[in-house]
Amino acid sequence: MIYVVATLTVKPETRAEFIAAATACIAETRKEPGNIAYDLHESVTDPSKMVFVEQWENADALVPHRTADHMKAFGRVAVKCFAAPPRIEIITPAKVDVR
């Protein structure tokens, strides 16, 4: 099993656009083979902080996810919304990679 935790900071004026794009992406991602869970959480103390928590059967399941059409569409919107570079943590039993 593999977990991905993506912490994103969005510009306040793009928050609604980001959430709309994320909602569509989440619905499609949950249909992907190997996906166990894919959720977006909003900080209760900082409305600009968004955290995706993903659970996958294995690292191989992430390969097609990264190039899926719904991820590309989300990425085109998300990149315009970021106020800071995303922090991506890929967590496996062996290690935690931070990108």
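Student: Which residues meet in a salt bridge with Lys95 in this structure?

Tutor: The side chain of Lys95 meets that of Asp97, with N to O at 3.7 Å. A salt bridge here is a side-chain nitrogen of Lys or Arg within 4 Å of a carboxyl oxygen of Asp or Glu. Keep in mind that this is a predicted model: local features need pLDDT of at least 70, side-chain atom pairs count only at pLDDT 80 or more, and totals for chains, interfaces and linings use all residues. Residues are numbered from 1 along each chain as its sequence is written, and side-chain values use heavy atoms, with hydrogens and water left out.

Student: How many salt bridges does the count come to?

Tutor: The count comes to 5 salt bridges. One of them joins Glu42 and Arg15, at 2.1 Å from N to O. That pair links distant parts of the chain, since Glu42 is in strand 2 and Arg15 is in helix 1, 27 residues apart. Helices (H or I, at least four residues) and strands (E, at least two) are DSSP runs, numbered from the N terminus.

Student: Nice, and which residue does Asp39 pair with?

Tutor: Asp39 forms a salt bridge with Arg30, and their closest N and O atoms are 2.7 Å apart.

Student: Back to helix 1. Which of its residues are buried?

Tutor: Phe18, Ala21, Ala22, Cys25, Ile26 and Thr29. They sit on the same side of helix 1, because they cover an arc of only 140° around the axis. The arc is that of the directions from the helix axis to the C-beta atoms.

Student: What do they pack against?

Tutor: Strand 1, strand 2, strand 3, helix 2 and helix 3. Contact means heavy atoms within 4.5 Å.

Student: And what does Thr29 touch?

Tutor: Leaving out residues up to four places away in sequence, Thr29 touches Asn35, Tyr38, Trp56, His65, His70 and Met71. Thr29 has a relative accessible area of 0%, so it counts as buried.

Student: New topic: how many disulfides are there?

Tutor: A search of the whole structure finds 0. A disulfide is a pair of cysteine sulfur atoms within 2.5 Å.

Methods
Buried means under 20% relative accessible area, exposed over 50%, partly exposed in between (1.4 Å probe, protein chains only).
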